[in-house]
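Dear colleague,

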Amino acid sequence: MQVTAPATLVGMTTLKSKLQEDLNVAIKERDELRSSTLRLTLAAITKEEVAGKEKRELSDDEVQKVIAKEAKKRREAAEAFAQGGRAEQAERERAEGVILDAYLPQQLSDDELKQIVAQAVDEAKAAGAEGPRAMGAVMKIVNPKVAGRAEGGRVAAVVKQLLAG
């Protein structure tokens, strides 16, 4: 039985193969933190690829979502360790988060996010949605614009704040 490599875009590296290359470099350089972080992330990507009825190759957008999820886990774990008085563990989680952030699009600043949400609130009002009940309408407008560049909880907080007036 002959096994062929998965078809990838020729001449263009996918995000997953970039992670794989960076993992190989990290292993050669004996960078334990980076290699373990990338290993865990690639495992999460593989897990996502085999989830469901049949194995499939994830798109770069899907890979990015997995990386974002992993980065969020690191931030939450760092917070939990910090609250539990385990500073060393918290620091490692933060460091892993920084490594993962390098593979994600630049996060929006608070001002940029407020600006996008304010425009969406105006659009929603123009369409007749107002007050706290406009939350869904505003989120529908905002989410595609900030995809991958701001966490859902952060976006929702700004939307609530601006809708409350």
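Helices here are DSSP runs (H or I, at least four residues), as strands are (E, at least two), and they are numbered from the N terminus. This is a predicted model, in which local features need pLDDT of at least 70 and side-chain atom pairs count only at pLDDT 80 or more, while totals for chains, interfaces and linings use all residues. Residues are numbered from 1 along each chain as its sequence is written, and side-chain values use heavy atoms, with hydrogens and water left out.

Leu19 is found in helix α1, and at 0% relative accessibility it counts as buried (buried means under 20% relative accessible area, exposed over 50%, and partly exposed in between, with a 1.4 Å probe and protein chains only). Not counting residues up to four places away in sequence, Leu19 touches Leu38, Thr41, Leu42, Ile45, Val63, Ile67 and Tyr103, where contact means heavy atoms within 4.5 Å. Leu19 and Asp110, by contrast, are 91 residues apart in sequence and 29 Å apart in space, C-alpha to C-alpha.

How do α1 and α3 pack against each other? Helix α1 (residues 15–28) and helix α3 (residues 60–83) have their axes 8 Å apart and an angle of about 55 degrees between them, which makes α1 oblique to α3. Axes are lines fitted to C-alpha atoms, for helices over the stretch in contact, and angles run from 0 to 180 degrees between N-to-C directions; those under 35 degrees count as roughly parallel, over 145 as roughly antiparallel, 65 to 115 as roughly perpendicular and the rest as oblique. The residues that meet are Leu15, Lys16 and Leu19 in α1 and Asp60, Val63, Gln64 and Ile67 in α3.

Arg30 counts as exposed, at 76% relative accessibility. As background, most residues other than glycine have a negative phi.

Helix α2 (residues 32–50) has 19 residues, which at 1.5 Å a residue should span 27 Å, and its end C-alpha atoms are 27 Å apart, which agrees; the expected span is 1.5 Å times one less than the number of residues. The buried residues of α2, among them Ser35, Thr37 and Glu49, pack against α1, α3 and α4 (87–101). Thr41, also in helix α2, is buried with a relative accessible area of 0%, and beyond its neighbours up to four places away in sequence it touches Leu19, Ile67, Glu70, Arg74 and Leu100. Glu70, which lies in helix α3, is itself buried, with a relative accessible area of 8%. Just after α2, Gly52 takes a positive phi of about 95 degrees.

Finally, the largest nonpolar core has 20 residues, and those with the most contacts inside it include Leu113, Val138 and Val159; such a core is a set of buried Ala, Val, Leu, Ile, Met, Phe, Trp, Tyr and Cys residues joined through side-chain atoms within 4.5 Å. Helices α5 (110–126), α6 (135–146) and α7 (152–163) each supply at least two residues of this core, and the largest share, 6 residues, comes from α5. A second, separate core of 16 residues includes Leu42, Ala44, Ile45 and Leu58.

With best wishes
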